[in-house]
Amino acid sequence: MDDLLAISGDEWMELDATEWIADECCGAVVDDDIIPADMDGAIADAAASGIQMIVGTNNDEWNYFQEDSEGDTEEEKFASWVEGMDAMYEEASEELDQDGKDALEELIRYEESIVPEEYAEKPEVKAALAKSGFVTESWRYDILHFADRFADAGGQIYAYLWKVPSTLDSMYRSSVHAVELAYLFNNPDVDIYAGHVDMDTAAKAQEAWTNFAKTGDPSIEGVTWQAYKAEDRQTMVIEKEDWKCLSDPSKTARELLSRAYG
């Protein structure tokens, strides 16, 4: 989403997607010193300098934020979470033409179709998880757009999609934001996101990230991690029983968002 509209104070500002993430999500300031105003130039410079990256997302990022929403009870947190996502969806769609709005509605229907059966039985939960899927895919769309730009500039970058789920009911037993931290940093007892950590998966994840730090290649024994290129978007899909590189695993959602935003 190169030209997102984001609120800053009482004024609408047109921001690059990366600037929007920094400004709205992290409270950062684009100061043209630490955070450059010319993001394309900064990406090109980084790629030319030989910097290498691993970048990725978790399959169900936004499901985490129900537990982190305002409220004293689970019901109040759920309502606050849904209210926030409704606002994000309305903001995302209000500037679009009819085809763009239709694309977002199609994305919501797609997300509804993949809600796990155990949660699809309650209409309000199914609707919330579908909307959460939309927010997650929008987040992923921006991150993959950055990966495209870095790869196109000649940078070496590896992408992942983490699908090992939390075991916690409060996280909808899904691959929420931060669920991978206990795995990567060998903190299996820090269970606020992950619940029970599968130690075999943790060992593989630590091996991959350590190999990348040492050699620039996160491949592990028996698993070749291919570099990401915009033309095929090879992404390491990380599951408990299987690790494999797939081309464009988020294709359905990415194409619908591309149709909406260009």
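The model is a predicted one.

The largest nonpolar core has 51 residues. Within this core, the members that touch the most others are Trp-81, Leu-104, Phe-134, Trp-162, Trp-225, Met-236 and Trp-243. Helix α6, residues 123-152, contributes the most to this core, with seven residues.

With neighbours within four places in sequence left aside, the contacts of Trp-225 include Met-236 and Trp-243. Among its other contacts are Ile-54, Tyr-158, Ala-159, Tyr-160, Ala-208 and Trp-209. Asp-217, Pro-218, Ser-219 and Cys-245 are also in contact with Trp-225.

The structure holds one cavity of 30 Å³ or more, and the volume of the largest cavity is about 100 Å³. Its lining is made up of 15 residues, of which Arg-140, Leu-144, Tyr-160, Thr-235 and Ser-250 are the closest to the centre. Strand β3 (52-58), helix α6 and strand β4 (156-162) are the elements that each give two or more residues to this lining. By type, the lining residues are eight nonpolar, four polar and three charged.

The last topic is the charged pairs. There are twelve salt bridges in the structure. In one of them, Asp-148 pairs with Arg-233, with the closest N and O atoms 3.0 Å apart. Asp-148 belongs to helix α6 and Arg-233 to the loop between α8 (199-215) and β5 (234-238), so this pair ties together parts that are 85 residues apart in sequence. Both Asp-148 and Arg-233 are buried.

Another salt bridge joins Asp-198 and Lys-240, whose closest N and O atoms are 4.0 Å apart. Asp-198 lies in the loop between α7 (181-184) and α8, and Lys-240 in the loop between β5 and β6 (243-247), so the pair ties together parts 42 residues apart in sequence. Asp-198 is buried, because its relative accessible area is 16%, under the 20% limit. Lys-240, at 46% relative accessibility, counts as partly exposed.

A further salt bridge lies within one helix. Glu-255 and Lys-251 meet at 4.0 Å, N to O, and both lie in helix α9 (residues 251-261), four residues apart, about one turn of the helix. Glu-255 is partly exposed at 41% relative accessible area, and Lys-251 is partly exposed at 44%.

Note on methods:
Residues numbered from 1 in each chain as written. Predicted model: local features only at pLDDT ≥ 70, side-chain atom pairs only at ≥ 80, totals over all residues. Heavy atoms only, no water. Core = buried A, V, L, I, M, F, W, Y, C linked by side-chain atoms within 4.5 Å. Buried < 20%, exposed > 50% of the residue type's maximum accessible area, 1.4 Å probe, protein only. Contact = heavy atoms within 4.5 Å. 1 Å grid on protein atoms, 1.4 Å probe; cavity = no way out; pocket = protein on both sides within 12 Å on 5 of 7 lines; lining within 4 Å. Points joined across faces, edges and corners; volume = space filled by probe spheres on them. Nonpolar A, V, L, I, M, F, W, Y, C, P; charged D, E, K, R; others polar. Salt bridge = Lys/Arg side-chain N within 4 Å of Asp/Glu carboxyl O.
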